Amino acid sequence: MPVSVVRFNLVEPGATPASLSARYRAALEMAAYADEHGITTVQTEEHHGVANNWLPSPFAFAGAVFGATRHIAVTVSAVIGPLHDPLRLAEDIAVLDLLSGGRLVTVAGIGYRPEEYAQFDVEWKQRGRLQDELLETVLKAWSGEEFEYRGRTVRVTPRPFSDPHPLLLVGGSSKAAARRAARLGLPFFPSAHLPDLEAYYKDRLVEYGTEGWTMMPSAETPLLHIAEDPDRAWAEYGAHFLHEARTYASWQSGDIRSAVKSGATTVAELRAEGVYRILTPDECVALGLDNLVLHPLSGGMPVDEGWRSLRLFAERVLPRLGE
């Protein structure tokens, strides 16, 4: 069976507190429905200070999802490591790992928005060093033993549920990220389909004498929305996809590589490009992808339309994927 993912970033341009609260609660209800229908994973992410209300607290959201579900995993892809206190992050992940019985997957990246670093008074030029410290610290912390941290002896409790530790991947699209993952013996999550970078990571594993593996997006990894009439859906809701695509593209410099990077400036261009796709259930099944990522609330999508997409995916796509 393919991996099935429901992505939530809770974007809503011009939201009121009431409308955003309704969107958050709808996302939790969708996660519970996804869990009941055998969807594999909820994916969420972290961005700060965004005018369209992009989710800033993925672990808080993950905790709520775990409380509403019993089986589904939550992948935080990605947490911006240098913006977090290493000891507190180790504690938060350990608690979520215990609560969920090991269902949390964390991808740690360094981000690409200097303004987020400025917001938290973290030095942008130190992000590589801070990421190294964070990853080394959480791995030591999850042992439950005392260790030296910034000149003092510390101990983090409780120990997580997962053995030897919660699933932690290093994300990124650079050789530095691949080296960091290999040096620490952590799995590597390239941010796009980058076979050359995967090969570089494997070579570094040999160099460092460590073990690891990659979780790399396929060459084709579109964000999906399911509708009975894609033409109508593009006409009515295409602006939501375009809003998110343009926001995301505005953050990314030329050297950032991402599986969902779009160059579209109009809805027509976005539809032709294929990063975002609105498909009928039959078209979705026919894709034959190993990894299906549904994005039901993309760009402030009306909640009712998000539910229609999710129900079509769960009831008319998933049951046919094992045929």
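The points below are a short note on a predicted model.

1. Basis. Residue numbers start from 1 along each chain as its sequence is written, and side-chain values rest on heavy atoms, with hydrogens and water left out. Because the model is predicted, local features need pLDDT of at least 70 and side-chain atom pairs count only at pLDDT 80 or more, while totals for chains, interfaces and linings use all residues.

2. Helix 2. Helices (H or I, at least four residues) and strands (E, at least two) are DSSP runs, numbered from the N terminus. In helix 2 (residues 58-68), the buried residues are Pro-58, Phe-59, Phe-61, Ala-62, Val-65 and Phe-66; buried means under 20% relative accessible area, exposed over 50%, and partly exposed in between, with a 1.4 Å probe and protein chains only. They lie on the same side of helix 2, because they cover an arc of only 155 degrees around the axis (the arc is that of the directions from the helix axis to the C-beta atoms). Ala-60 and Gly-67, on the other side, are exposed. The cover over the buried residues includes helix 1 (17-36), strand 2 (41-44), strand 3 (73-80), helix 3 and strand 4, where contact means heavy atoms within 4.5 Å.

3. Aromatic pairs. The structure holds 10 aromatic pairs. Rings of Phe, Tyr and Trp (its six-membered ring) pair if their centres lie within 6.5 Å; planes under 30 degrees apart count as stacked, over 60 as edge-to-face and the rest as tilted. Phe-8 and Phe-61 have ring centres 6.2 Å apart and planes at 70 degrees, so this pair is edge-to-face. Phe-8 lies in the loop between strand 1 (3-7) and helix 1 and Phe-61 in helix 2, so the pair ties together parts 53 residues apart in sequence. Phe-8 is buried at a relative accessible area of 1%, and Phe-61 is buried at 4%. Tyr-117 and Trp-124 also form an edge-to-face pair, 5.0 Å centre to centre with 90 degrees between the planes. Tyr-117 is buried, at 1%, whereas Trp-124 is partly exposed, at 24%. One aromatic cluster is formed by Trp-54, Tyr-112, Tyr-248 and Trp-251.

4. Backbone. Most residues other than glycine have a negative phi, and most peptide bonds are trans. A cis peptide bond joins Thr-157 and Pro-158, with omega about -5 degrees, and the bond from Asp-163 to Pro-164 is cis, with omega near 10 degrees. Pro-158 lies in the loop between strand 6 (152-154) and strand 7 (167-172), and Pro-164 is found in the loop between strand 6 and strand 7. Asn-53, in the loop between strand 2 and helix 2, has a positive phi near 75 degrees. Asp-121 has a positive phi of about 55 degrees and counts as exposed at 74% relative accessibility.
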